[in-house]
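Hello,

Here is the structure I promised to pass on to you. My notes on what turned up in it follow just below.

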Amino acid sequence: MINPNSELFKYLPKVIEQATNGIVVSDPNQEDNPVVYVNDITCKRFEYTKEEFLGRNCRFLQGEDRNQKNIKAIKDAIKNCISTTVTVKNYSKSGKLIYNQFTISPIFDENNNLKYFLGIQRDVTKEVTLEKQNFQLQKEKIEDAQYNAIGKLTGGISHEINTPLTIINGTMEFLKDSIQELEQSPLKQNIIQDLEDISIQLNKIKNLTESMREIADTKTFEIKKINIYRALIISLRLTHNKTKHITKVNLLNENFSLDIDREKYMYYVNGDARKLEQVFIAIIDNALDQLKMTGTIQNNKLDISLQVTKDNTTITFEDNGGGIDENLLEDIYKPFKSNKEHKGLGIGLSIAKKIIDQHNFIIDISNNQNGAIVKIEIPH
Ligand SMILES: Cc1cc2nc3c(=O)[nH]c(=O)nc-3n(C[C@H](O)[C@H](O)[C@H](O)COP(=O)(O)O)c2cc1C
Ligand SMILES: Nc1ncnc2c1ncn2[C@@H]1O[C@H](COP(=O)(O)OP(=O)(O)OP(=O)(O)O)[C@@H](O)[C@H]1O
Ligand SMILES: [Mg+2]
């Protein structure tokens, strides 16, 4: 106990007032446990005056952010009259986020009756932010290692894949020529169509192995002034054979068909056309997989739009396939995340994200009530 006659006792109010930790005292014997004392640093930190603090329960510092698991821990500690330390997200009057680590302790009188709660607060925003950054850095390192692993692996095997692929392609071309010499018949038409389908799938394999190699080797990246509308048309042409069985595609408010002129509109941006086509194909392909599962060609929809403002050009892909599994959404760009059990490798979007990052563009993937929305924002 501090001697009531001592110098220190006299100075105690000043010690508390000028402490560099936040100090709050609340009165649990009043309705809703209001603040009855608050020191200067707390007022300064949260940008409220003493008058604004006093008489209110401290929960107002949480603002709208009430769904925090630590809040329940404080509530329980108060109910059980025990001491506890937590970190919660609080907000200053102007809305600044503050990670507030505070300890609350019950204060009893000589008869062991609960008189007050003492709260000692510390601003740990810097520490938390640093920790989050470190965590992010670590995550990126792991992802980089995964990409490198993909790079090394495919660097080794892509050659092995490309050699037979070239032979298959050559044979296909030869077959296509030979078939032309046959007499016209429905069978001939079917074979031509089937060969066309095979070509497209082969092209996809080629694109995939190439793109995976390119990811490991970023030097092959070439930025030029390109017409992004043209890149969209090329992507839609390359996916047309799959698309035509699954959904209609609306491109800039117009039904997409193979005979649309690639230069019908000019939307110039700086980028690598082939890489961006690869991104568009990955997005379209995902929408198609989903639409195929959930709907019919009559009611399936894939809308692609382009908005230009003075700051940026935004391309939006919107489907009505029911949207992306919420559990996947958070990690959607990570390699090997897929819910397509027998089919997807789960690298489409991680490659897309890498390409978008290399361009300094922004990709945003979300759900609305009908399906998935993928936005690519290209700053001017
Ligand atoms: C002395 C004391 C200080 C407190 N300080 C804070 C604080 O700085 N920030 C905060 O978010 N909650 C603080 N709380 C917790 C809230 O006042 C409240 O108890 C908590 O939100 C749980 O209750 P509720 O679910 O009814 O809101 C403090 C509580 C006490 C008793
Ligand atoms: N438009 C969409 N609608 C619903 N789910 C989607 C959509 N786009 C992506 N997804 C989900 O995101 C996951 C990851 O997509 P991603 O393209 O990275 O991999 P994948 O399509 O499974 O495999 P890959 O592209 O390698 O063949 C998909 O498995 C799918 O569950
Ligand atoms: Mg995919």
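**What I found**

Strand 10 (residues 301-308) and strand 11 (residues 312-319) pair in the antiparallel sense, with seven bridges between them. Within this pair, V308 sits opposite T313 of strand 11. Two strands count as paired if DSSP finds at least two bridges between them; helices (H or I, at least four residues) and strands (E, at least two) are DSSP runs numbered from the N terminus.

Before you read on: this is a predicted model, where local features need pLDDT of at least 70 and side-chain atom pairs count only at pLDDT 80 or more, while totals for chains, interfaces and linings use all residues. Residues are numbered from 1 along each chain as its sequence is written, and chains are lettered from A and ligands numbered from 1 in the order in which they are written.

Contact here means C-beta atoms, placed from the backbone, within 7 Å. Axes are lines fitted to C-alpha atoms (for helices over the stretch in contact), with angles from 0 to 180 degrees between N-to-C directions.

Another open sheet has five strands in the order 2-1-5-4-3, with antiparallel pairing. Strand 2 (35-38) and strand 3 are its edges, each with a single partner strand, so one side of each lacks a neighbour in the sheet. Strand 3 and strand 4 pair over eight bridges, and T84 has I104 in strand 4 as its bridge partner. Helix 4 packs on this sheet, touching strand 3, strand 4 and strand 5, at about 130° to the direction of strand 3.

**Around ligand 1**

Ligand 1 is surrounded by 20 residues, the closest being C58, R59, K75, F117 and G119 (the cut-off is a C-beta atom, placed from the backbone, within 6 Å). Helix 4 (69-79) is among the elements that supply at least two residues of this shell, and helix 4 gives the most, with four.

Best wishes

Notes. Two residues are in contact if their C-beta atoms, placed from the backbone, lie within 7 Å.
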